[in-house]
Amino acid sequence: MTKFECNVCGYIYDPEVGDLDNGIEAGMRFEELPEDWVCPVCGVGKEDFSELAD
């Protein structure tokens, strides 16, 4: 699964881990995250993330 990095703070969203603190179960692809999901570190939206190369 593809990981995504926050362009502001460098947080890595790893779909194999999810974001359990915010109710996102492991296995959820970045594209499936709710539109109102924000970076758990700095609070920016999904539009401020970039796909990481494998």
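In the predicted model described here, Phe 4 stands opposite Glu 51 of strand β3. Strand β1, which covers residues 4-6, is joined to β3 by 3 bridges, and the two run antiparallel. Here two strands are said to pair if DSSP finds at least two bridges between them. The open sheet is built from 3 strands in the order β2-β1-β3, with antiparallel pairing. Its edge strands are β2 and β3, each of which pairs on one side only.

Residues are numbered from 1 along each chain as its sequence is written, and because the model is predicted, local features need pLDDT of at least 70 and side-chain atom pairs count only at pLDDT 80 or more, while totals for chains, interfaces and linings use all residues. Side-chain values rest on heavy atoms, with hydrogens and water left out.

Taken as a whole, the protein has 0 helices and 3 strands, and its pattern along the sequence reads β-β-β. These elements are DSSP runs numbered from the N terminus (helices: H or I, at least four residues; strands: E, at least two). The C-alpha atoms fill a box of roughly 25 × 25 × 15 Å along the principal axes. The radius of gyration is 10 Å, which agrees with the value near 10 Å for a compact globule of 54 residues; this radius is taken over C-alpha atoms, and the globule rule is 2.2 Å times the number of residues to the power 0.38.

The accessible surface of the protein amounts to about 3,500 Å², and 47% of this belongs to carbon and sulfur atoms. Areas come from the Shrake-Rupley method with a 1.4 Å probe, and for residues only the protein chains shown count as cover. Of the 54 residues, 31% are buried, where buried means under 20% relative accessible area, exposed over 50%, and partly exposed in between (1.4 Å probe, protein chains only). Among contacts (heavy atoms within 4.5 Å) between residues at least 6 apart in sequence, 44% join residues at least 24 apart.

Leu 20 is found in the loop between β2 (12-13) and β3 (49-51), but is exposed, with a relative accessible area of 56%. Leaving aside residues up to four places away in sequence, Leu 20 touches Glu 25 and Ala 26.
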